[in-house]
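Open the model in your viewer and keep the sequence panel beside it.

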Amino acid sequence: MALLSLSARLRRTGMLALPLALSCALCFSLTGCQTPVQSGPLITNSNYWQGMQARLQEIKSLQLTGRVSLAYQSTRFSANFRYTTTAPQNYDLLLTTSMGSTIAHLTVTPSGATLQADSKTFTADNAQELFAQTVGIPLPLDDFQDIIIGRALEQSAFTPEGILYTTVVPNFQITYRNYTSLPAQSISLPNEIEVTGPELRLRVLTREVQQIEMANAATTAPATTTTDAVATTPTKI
């Protein structure tokens, strides 16, 4: 019953477009209108990408906001998201409608995962199992912390410039379509990710980096984000 109820709600609410007049209300509901981190277009210089994976390991905390769209079997929905992490193996994922109403709230810690939806709370040992059981949609949530910031996993491939292009985890392929650079931190984060699997297509668009703290500094400076296309010729690790 919980699975059917939440899936139906995703279908009912997810396809709403975001009118311009609601943008401020959405900003308050997701971020409190905090100032985004200074960001810029993709950098393709190979020297810049040397050591990128090591620099990504230095992220201590991070908050991203954006939009997801998903197609799985007969289900189609889109939603706004806010992703927050403050420690390894800990993250928080909030999905809301364009009106700012909560669809689902996922909290992950080393001890397990909790999903709040339809005024109910569900728990399981891990996020991937929990989401599949309650919502009925398989997603690579156990590797989500690495996927959303572009950290390479065991089966990853890079462009000739050293840009992470694709990663394969059991039952899913992740393709990185574009990146945003963060000059103050000397890192780049994905801003367009596509996840495909059996009967599944998920698109994750990061609109803003709301907060980031590195191992040696924290920055929350204002900026406007622009992007360029990523080279699409992968080189296997």
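Where is E199 found? Select E199: the loop between β10 and β11 holds this residue. Helices (H or I, at least four residues) and strands (E, at least two) are DSSP runs, numbered from the N terminus.

Before moving on, note the ground rules. This is a predicted model, in which local features need pLDDT of at least 70 and side-chain atom pairs count only at pLDDT 80 or more, while totals for chains, interfaces and linings use all residues. Residues are numbered from 1 along each chain as its sequence is written, and side-chain values use heavy atoms, with hydrogens and water left out.

**Stop 1: the hairpin**

Stay on E199. Its phi is near 60°, a positive value in a residue other than glycine. E199 is exposed, with a relative accessible area of 57%. Here, exposed means over 50% relative accessible area, buried means under 20%, and partly exposed lies in between (1.4 Å probe, protein chains only).

Now select β10 (residues 187-197) and β11 together. They form a hairpin with two residues between them, and E199 sits in the turn. The two strands pair in the antiparallel sense over six bridges; pairing requires that DSSP finds at least two bridges between two strands.

Step back to the loop between β9 (172-182) and β10, where S186 has its place. Phi of S186 is near 55°, again positive in a residue other than glycine. S186 is partly exposed, at 35% relative accessible area.

**Stop 2: the other neighbor of β11**

Which strand pairs with β11 over 13 bridges? It is β1, and the sense is antiparallel. Find Y72: it stands opposite L200 in β11.

From L200, draw a distance to T75. Their C-alpha atoms are separated by 9.6 Å, although the two residues are 125 apart along the chain. T75 lies in strand β2 (residues 75-87). At 9% relative accessibility, T75 counts as buried.

**Stop 3: salt bridges**

Show charged side chains. Side chains of opposite charge can pair when their charged atoms come close. The rule used here asks for a side-chain nitrogen of Lys or Arg within 4 Å of a carboxyl oxygen of Asp or Glu. By this rule the count comes to five salt bridges.

Select E213 and K60. Their side chains meet in a salt bridge at 3.7 Å, N to O. E213 lies in strand β11 (residues 200-214) and K60 in strand β1 (residues 59-72), so the pair ties together parts that are 153 residues apart in sequence. Both ends are partly exposed: E213 at 27% relative accessibility, K60 at 42%.

Next, select R201 and E194. This salt bridge spans 2.7 Å, N to O. Is E194 buried or exposed? E194 counts as buried, at 13%. R201 is partly exposed, with a relative accessible area of 42%.

Then go to D146 and R151. Their side chains form a salt bridge at 2.7 Å, N to O. R151 is buried, with a relative accessible area of 14%.

**Stop 4: a helix and the core**

Select helix α5 (residues 127-135), where T134 is found. T134 is buried, at 8% relative accessible area. A polar atom of its side chain lies 2.8 Å from the backbone oxygen of L130.

Contact means heavy atoms within 4.5 Å. L106 and L189 touch the most other members of the largest nonpolar core, which has 57 residues. Such a core is a set of buried Ala, Val, Leu, Ile, Met, Phe, Trp, Tyr and Cys residues joined through side-chain atoms within 4.5 Å.

**Last stop: the whole chain**

Zoom out. The protein chain has six helices and 13 strands. Of its 237 residues, 48% count as buried. Among contacts with a separation of 6 or more, 59% come from residues 24 or more positions apart.

Note on methods. A polar contact is a pair of N or O atoms within 3.5 Å; within protein, one must be able to donate a hydrogen and the other to accept it, and residues adjacent in sequence count only if both atoms are side-chain atoms.
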